[in-house]
Amino acid sequence: MKYKCLVLFSGGLDSMLAVKILQENGIDVVPLCFESFFFSSKQAKKSAQELGVKLRVEDISIEHLKVIKKPKYGRGKSFNPCIDCHLMMIKEAGKIMKKEGFDFIATGEVLGQRPMSQNANALKIIDKWSGLDGLIVRPLSAKLLPPTILGSGKYSISGKSREMQLKLAKKFKIKNYPSPAGGCILTDINYGKNIKRLMDIYPSFGENDILILRAGRIFWEKDLLIVVARNEKECKELQTLKKKQDVFLEPDNFPGPTVIVRRYKKSPREEMIDCGVKYILRYSKNAGENPRIKI
Ligand code: SF4
């Protein structure tokens, strides 16, 4: 019988290798990429093309946001709740697996590669709480892990060294793959600080608040969030993200940035305007003697 599996596919080299190893074993592989407010499927699309496989993309923004607000297993160095996030992704993949008749799920995880989410304990938590024990295959480290539906595996890659992965990339003739840098903005320390502050002030934040936190330079004054665009692209982005209650400021007779001031509690509007004017002037080089600002 020919097995059919879903591979959680970020587009990084490890997930590309997982696809290749499984294909080498005669398994039908469908790479599955999740996208959310915090990461995109851009790299996965490129890498799937490199491998010549058809990628399936699923949006998990809403579920991901829930996990981010209340993780059970803590966070990494920034705001990233990686164990909960992995568990949620595995569960989501598990639902598709059961509904569509796949035999198992595979991932490119490597034992010991990431201190928080890829140690033996974290993998056990995921296997146990996903309800998919034995149906999660990690081909790169399979020899070091308990047997799965495929039995024991051939590869015993572990730790942070990329040596074995690079050898395998050569073996499978994978030429184009990304460097190991993560594509999830939750691991960014500054973004993490801002989202934490947002959560403290306004726990029911949603998509627009998440997006605006990466649409410019971010400042906080009490309950006020100030976003200062750094370039033309961000000026346009702020146009699309502004809300009715925001104060939106643009320079009228001088070159300078677009600014949004958003309140999360009850700061008076006059205070928001003063604040916005202060930042627009601070980040404009030649505001002149009589700067006019459109509000
Ligand atoms: S880095 Fe981001 S996407 Fe990856 S597991 Fe952690 S929270 Fe989830």
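Residues are numbered from 1 along each chain as its sequence is written, and side-chain values use heavy atoms, leaving out hydrogens and water. Because this is a predicted model, local features need pLDDT of at least 70 and side-chain atom pairs count only at pLDDT 80 or more, while totals for chains, interfaces and linings use all residues.

Let's start with the whole protein. Its C-alpha atoms fill a box of roughly 75 × 35 × 35 Å along the principal axes. The secondary structure comprises 10 helices and 10 strands; these are DSSP runs numbered from the N terminus, with H or I over at least four residues for helices and E over at least two for strands. Of the 295 residues, 50% are buried, meaning under 20% relative accessible area with a 1.4 Å probe, protein chains only.

Five strands form an open, antiparallel sheet in the order 6-7-9-8-10, where pairing requires at least two DSSP bridges between two strands. Strand 6 (217-221) and strand 10 (293-294) are the edges, each pairing on one side only. Inside this order, strand 8 (residues 247-251) and strand 9 (residues 259-263) are joined in the antiparallel sense over 3 bridges. Val 247 has Val 261 of strand 9 as its bridge partner.

Which strands does helix 10 touch? Helix 10 (residues 269-282) packs on the sheet and touches strand 6, strand 7 (224-228), strand 8, strand 9 and strand 10, contact being heavy atoms within 4.5 Å. The direction of helix 10 makes about 30° with that of strand 8; axes are lines fitted to C-alpha atoms, for helices over the stretch in contact, with angles from 0 to 180 degrees between N-to-C directions.
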